[in-house]
Amino acid sequence: MENKTKKNHTWIGVDQLNKGAEFQEAVEREFQDVPLADNVEKLATNRRDFLKYLGFSLGAATVAASCDIPVKRAIPYVVKPDEIVPGVATYYASSFVNGGDYCAVLVKTREGRPIKIEGNSLSSVTGGGTSARAQAVVLSLYDTNRFPGPGKMENGRFTQTSWAEVDKAVKGSLSANSRVAILTSTVLSPTAKKVLEEFKAAYPDTKVVTYDPVSASALLQANEECFGQRVVPNYRFDRADVIVSFAADFLGTWISPVEYARQYAANRKIEDVHKAKMSRHYQVEAAMTLTGSNADHRVLVKPSEQGAAIAALYNEIARKAGKPTVSAPRVNDKAAALLKQAAEDLWANRGKSLVVCGTNNKGEQVLVNAINDMLGNYGQTISFANPSLQRQGNDPDVQQLIKDMNSGSVDAVFVWGANPAYELPNAEAFAEAFKKVKLKVSFSGMPNETTALCDYVAPTHHLLESWGDAEPKRGMYSLIQPTIAPLFDTRQAEETLLRWAESPNLNIEAEQPYYEYLKAAWERDMFPRQTKYATFQNFWDMSLHDGVFELEEQEPSVAFAGDVQAAAAKITKPANSELEIQFVETVHIGNGQYTDNPWLMEMPDPINRCVWDNYLMVPVVFDGHRHFDCDGPFAGFNQEEFYGYADQAEIEIAGRKAVVPVVRQFGQMRGTVGLALGYGRTVAGKAGVNVGVNANPWLTIDADGNTQYFNTDVKVLGKAGKYEMASVQYHHTMGVTGKLEGSDEVINVDEQAVTTIKEGYQGALVDRTIIRRANLPELDKFVEELKEERREAEHLNQQTLYPYEEYKEKYYSQGHHWGMHIDLNACIGCGACEVACMAENNVPVVGKYEVFRHHEMTWLRIDRYFYGDYENPNVVYQPMMCQHCDNAPCENVCPVSATNHSSEGLNQMAYNRCIGTRYCANNCPYKVRRFNWLDYTTADLFPINENEVNGEAIYADNLVRMVLNPDVTVRERGVMEKCSFCVQRIQEGKLTAKREGRKLEDHDVKTACQTACPTGAITFGDTNNEKSAVRKQYESELNYIVLEEIGVRPSVQYKARVTNKVEELG
Amino acid sequence: MSYKSLTIWILSLMVALGATTTHAQEADIEAGKTLFKNHCAACHNRNMKDDLTGPALGGVEERWADYPREDLYEWIRNSQALIAQGHPRAVELWNQWKPTVMNNFPNLTDQDIENILAYIHYEYTKKPEVAQGPTGETTSTQPQASDNTFLIATIFVILAVLALVLARIVANLNYMMAAREGQPAERKTLMDILTSKGVVSFVIFALVVLGGYTTVNRAIMLGRQQGYQPDQPIKFSHATHAGLHKIDCQYCHDGARRSKHSIIPAANTCMNCHRAIKKGSKYGTAELTKIFASIGYDPSTDKYIEDYDQLSQEEIEKIYKKWITDEYVKDNGTLDAEGELEIEEQWENIVKSLTTETKTRIQGEIPWVRIHNLPDHVFFSHAQHVSVGKIECQKCHGPIEEMEVVAQYAPLSMGWCVNCHRKTEVKFADNEYYKSYARMHEEIAAGKRDKVTVEDIGGTECQKCHY
């Protein structure tokens, strides 16, 4: 097959495959040159600046002359709380909850302010893992765009009032027979549900309408029909040897990604090469998702073909099981063949397989349930013991509400944790209907499209200021406790509702009324359900300390009672259109719930690697010889992607036009395009306003009332100009392959340099080691090859003037030598580590324009490489950070020795010594060093050096600066920075061990990326300690070192990526 | 019970001690010291001779000798209970010391109490130290910087004179030579020599070098504040607290052992003692009232004021002026004009001390002035130095127990840090942590190495302090 590529050939983008020299030139230029003239209005000096310069000179002269010491204060507590020791972090167990998104967390606070999220390993749901969304929650606490207090909204304008006034106004317009609707996203809190019940008791004509920003409504309906339970069952990906997922992005966004990622990785990690065993994963989808990119086989079907694909798999299994088949539309041949193979695998692993489906079509979900039933998976890999409650929304309900509002049968609507005026597919219809309601109140703490339409805003506390509980899975309880006093004049929504309901159970005289209410609820409902603690106080204290309270349920027996034939009639029918669009939820910003969080906006989308925008993902096609292009109507688009420019396409979907920038996306199916949800917010925190295109109006609603995340009526009207592309895919590349001009030969770019410029450096002529990968059946052969390769590299490395062995003997062999191990098989590319690193190390946010200029500051990036079939490749993610080389090329070239080596093997960076020559970044083979081109943290005197991110100088505000980690220096303009292996944590861990007078152990030092990882892909520790986990990981025969042949002696080892592909399928 | 001569006292005590062995096993002075430090030292003076919050404890056993030993145990564990029972000695003490209530220590065993008593006795009877504690030792460790300026200046002057003389001689000789050879010659005057090209260029050169040297040195000194001794909002005297009363540094600066910060104590820490000691020995009500006004404690009623946060400045003024006035009257008999002036002055001072440009209210934190300012890019941990390195506070902070007003003792420059790291020996043998430096341990065992300094284990590397 022509599409097959040779061994170890990986690529990152089209240009690399299409072009040689041009691309190479572009990637070798580390930073994009943008003419200074573009920036000219920023550069112009105005009168105020002139005065500042004058003032500065005068000030400098005065300081130099008189040297008056400015008085600094040391402010102690008046009454110091016992649990706080200034300078020492305190951790509180809590939960990250946003609608149905859940993660058990520990909140790290310093002097009473939350600064970092860690996973709570006591939770059996998330097991200590976190997500990027959970990591970023601390920044949203200090958002300056939050409502300062309750307010009245008039024509979208907010006027602050008092709580008394809002209470009076709301209670004044409510009467006992008011028809109230409370519109929520999934409510995970059992106590909040009781609050809603109490409200209903006071206002009996109250309806609670729940929907999810990205719906799983059909899944719930199907389970209700098939098993009589309106829940998401308890999936066990760790028990499944064969996984087939129909468009369910269970590693990225679907239901409970942190939980599923941990389970999934558990069955994908290879401990013993000779007895290697791992699951096989088929993903059926059109647009690449995070889950799809990790799959062994991706089965490409158009969005409208999903139903046909599910029916096809159903029929294959039914034939094997001797059950009647259903009538199924035709699915494309390639997909049919793969599905046949999937059916074989599933059947061979009955009871150890799992089929999940992420579409929002009830018929399809019933069919998938039927497939799992035929495979005997219920009770094995799917269980109704402790089912998940993380999606509870029902799409038809909210559509009914719109009708009711239109007919005038709703007197008041309270919006809680939802933003229907943006999130709904028919948000405009909602807005129209909403206007007809007399009393509209939103509890949102942040301005959004819905608050703009409300009469009052009764802002609730931020999560980190709230009391609460959560029940992500039935019987699995989790508490939320405040870690800071409310920053603004907000009031928890539960309390607001109870006050309006005049609940006798709420003691409004109490200091924290809802806390008392919550405690009472737990005493009444939870305490009797356990036997471990004799008194409630003990139980409460321990639950609060642990953060979780879990009750295992017995496996219930369930019987499938779905109507398969009726379901088959309901499935989506393949459309005849030329082009279809799939709308996808991104890992970082969901359907807009996280759009105004700068950390998440700056986190590259793992799939298209773009930041601060949603790009139209168009497929890459290959002519079988040497030419790559965009598919169909997009032919000729994005020819300058590697220069940082995209083309914009004018598209028309179902009669609604828009202009969207395009990104070429490997793995996007021909005849389809993809677009992310969650962008194009019009009312939000500053970071999220008018970024990208809102895709929600293009969503459709099916006959069951469920929202559909695709559209088959797509027209491309043409190009609409160039676009500055903030994509990190071509930034900081290292030794990637390219093509010789005029030839098909795939060569190393450095090799090209050597042959054209006739000079080069050691290591340039070898096939550089960046990604090493294998397929499971050939693992033994691969290990032999890898050994040989590493022997060769070691031989090369021995030919050196650098006295590595001597240093090793003299310095590195005693005390500590820090090292890291990254299992590429466990890394799913979710990006939690990237955000954790930003939070831990005060890494600044730079914004779209700066990223376009290659100026992103991320210390840890996740590189994405493709391999295999050009049109449907496999993906491997590689977290890349400073490798802490023992023979570091950056150190030798620093003229001021600002970067040098420690005896513990750390590549140290002394910011205050750095003069900004950037030689080190130039000489770093891994391209992990970052330069502060501008004053990203706004510590400077002159606004000209400051950087605005979407119209906001984020860190200029003292409120936002509260998120900074006080143990890490805030770097100023003009200095280089990079990953430090979280040296502040190393030092802290060492100190703990010293103070306790014992040897340092693994748990003393864990890096931020390591603790954030949901799958445990990252191991860190002291490689001199024989008992350390990292030493154990270092023993694997699958390990390799990136660019080992260049002899820089890195301290990071990677474990090769292994897939479990059926070889004949490719 | 009255004191007799020391000899008799010791003899009687020995007898008593012999008797006590029937109550408990042999007492351990060291254990007693620890117990005393943890439980008693906050209120009872460590010299056992002077009263503090609580009475001096020296001779306590003797004072209780008339009663069963158990009574003393009971007294220490729960004094109020014994008072309530009407125990004569207990009531006597209560009358003397009320309303100060002694804390309860129900967890102390008889043996613990015996240990404490033994320590009290040991401390009370031991001979006073001749040297001034840690001060003498630490100051001597700082090498006396000998001042060479005078010597250099003298040499410089001598050399300059010598150069001038030589120049004169050369000029004269030249003149004589020229005169002998019959050439027209002019004798060079001193002025000629001084304004000659050579001298002028030398002077310019010297000025540039000297100026450059000074500029660089001064630039390095920028931001350094050795000797910085700002006025503090409260005239807190370390000499009184740490010197005279020997309160352990870490009683107030309790972060030093476990945090990077040593911690300026919260006002409630002050109140642990100053609820009992309401007037200072030096300033009377003038300084201590500031603490009360910060935290909201009314010394007249011995109560914390409810909703202190809500009070207006006038209401606060009323409360504390009353206290100051009452005390003035108590001391001086009547309130004269001078007294009124004094009270007004004290109050104004309180307001001034507790407010800043940014803090307009009296209530709340005391705005101490920070003396030791490290740059933001320096990470320093007290815990590392105090708990692990076991370094005396005085090593960096100087004779703090002699300072009325604290001044920055050390330069806090990087060179100063690094020099110490080069010299200081690591507590290598007694801390299991350092076991990972196996080779150094071997070298010590083999006699190849006599010590391991902080530098030897990487203590001068950049990222030990800069990250």
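1. Chain interface. 50 residues of chain B are in contact with 43 residues of chain A; contact means that the C-beta atoms, placed from the backbone, lie within 7 Å. The elements of chain B that give two or more residues to this side are α14 (267-274), α15 (285-295), β3 (368-369), α18 (382-388) and α21 (438-445). Of these, α18(B) gives the most, with four residues. Helices (H or I, at least four residues) and strands (E, at least two) are DSSP runs, numbered from the N terminus. By class, the chain B side has 23 nonpolar, 18 polar and nine charged residues. Nonpolar covers Ala, Val, Leu, Ile, Met, Phe, Trp, Tyr, Cys and Pro; charged covers Asp, Glu, Lys and Arg; the others, Gly among them, are polar.

2. Basis. This is a predicted model: local features need pLDDT of at least 70, side-chain atom pairs count only at pLDDT 80 or more, and totals for chains, interfaces and linings use all residues. Residues are numbered from 1 along each chain as its sequence is written, while chains are lettered from A and ligands numbered from 1 in the order in which they are written.

3. β1 (residues 73-74) of chain A runs antiparallel to β3(B), joined by two bridges. Strands pair if DSSP finds at least two bridges between them. In this pairing A:Arg73 stands opposite B:Val369.

4. Domains of chain A. The assignment, automatic or from a database, gives domain 1 (14-27 + 734-1063), domain 2 (151-214 + 395-515), domain 3 (217-388) and domain 4 (575-724). The centres of domain 2 and domain 3 of chain A, taken over C-alpha atoms, are 36 Å apart. Seven residues from domain 2 and seven residues from domain 3 make the contact. On the domain 2 side, three are nonpolar, one is polar and three are charged.

5. An open sheet in chain A. Four strands lie in the order β41-β34-β43-β42, with mixed pairing. β41 (1018-1022) and β42 (1039-1040) are at the edges, each with a single partner strand, so one side of each has no neighbour in the sheet. β42(A) pairs with β43 (residues 1052-1055) of chain A in the antiparallel sense, over two bridges. Here A:Asn1039 stands opposite A:Lys1055.

6. A:Cys924. This residue is in the loop between α29 (919-923) and β39 (930-931) of chain A. Why does A:Cys924 count as buried? Because 25 other C-beta atoms lie within 10 Å; buried needs 20 or more, exposed 12 or fewer, and partly exposed is in between, with C-beta atoms placed from the backbone. Leaving out residues up to four places away in sequence, A:Cys924 touches A:Pro889, A:Cys890 and A:Arg929. The C-alpha atoms of A:Cys924 and A:Glu946 are separated by 27 Å, at 22 residues apart along the chain.

Methods
Contact = placed C-beta atoms within 7 Å.
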